[in-house]
Amino acid sequence: MAEQDEPPPDSKLTRSKQRWAQEGRFLIGRTSRPEQQRLPPGQHLTRDWPTLDLGLTPNISRERWRLDVYGAVEKPLFWNFAEFAAQPQGNFISDIHCVTTWSRYDNRWEGLSTRELLDACRPRAEARFVVLHCHDGYTTNLALEDFAAEDALLAHGWSGAPLEQEHGGPVRLVVPHLYFWKSAKWLQSVEFLAEDKPGYWEVRGYHNKGDPWKEERYSGD
Ligand SMILES: Nc1nc2c(c(=O)[nH]1)N[C@H]1C(S)=C(S)[C@@H](COP(=O)(O)O)O[C@H]1N2
Ligand SMILES: [Mo]
């Protein structure tokens, strides 16, 4: 009796689920573009998956791996792999566009969406940029809104198997709407900043943002 006037239960989980429903979360292939618009200008399609890095392949086991989230956040995080894997997991399908002109369609990733990470660490109002730090010394920078893209994730799985070491395992970033150099392999830490801080390639002539649809390859573009 009279229960009808009570507000529906509200919690972080129900709010997240509501948001997932609005976004069509976990639906397969929902970010695909129509075929004719799918390949960005100047790109060609490849079926294999090239490996590109600085020539080092850090060997970090899941047991040793830690994720450090720090800087302009309300709640810094320091997770081991089990803690990371205990966060809400999602499946995402997206295309890869590398600045060296290859693209690869329909990569199936599994991991933690960057939006879930943002919910957990709660960036402070002044946070506007993110720098990813990697075990090979590589860094790359993103505007907070690019990091927070709905299809961006910290991936530990690819095609139903653990992400291979050569492709950045245990955990890499995947930001499908930007060139793949933004998708940091062997992820070690995520730093939130008020000011932008260009990363490894960004200080060596690559574009600061790297939108493949605008062919933002190099900083003069
Ligand atoms: N840690 C790290 N991440 C990195 C790189 C790197 O050298 N080190 N290279 C970037 C570049 S230029 C590309 S194209 C992709 C390549 O990812 P893949 O080897 O899985 O294809 O990783 C990006 N992330
Ligand atoms: Mo690249």
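Biologist: How many helices and strands does the protein have?

Modeller: This is a predicted model, in which local features need pLDDT of at least 70, side-chain atom pairs count only at pLDDT 80 or more, and totals for chains, interfaces and linings use all residues. Residues are numbered from 1 along each chain as its sequence is written, and chains are lettered from A and ligands numbered from 1 in the order in which they are written. Helices (H or I, at least four residues) and strands (E, at least two) are DSSP runs, numbered from the N terminus. On that basis, the protein has four helices and 11 strands.

Biologist: Which strands stand at the edges of the open five-stranded sheet, and why is one side of each left without a neighbour?

Modeller: The sheet has mixed pairing and the order 3-2-11-6-7, where two strands pair if DSSP finds at least two bridges between them. Each edge strand has a single partner strand, so one side lacks a neighbour in the sheet; these are strand 3 and strand 7 (139-143).

Biologist: Which residue of strand 11 stands opposite histidine 133?

Modeller: Strand 6 (residues 129-134) and strand 11 (residues 187-193) run antiparallel and are joined by six bridges. Opposite histidine 133 stands serine 189.
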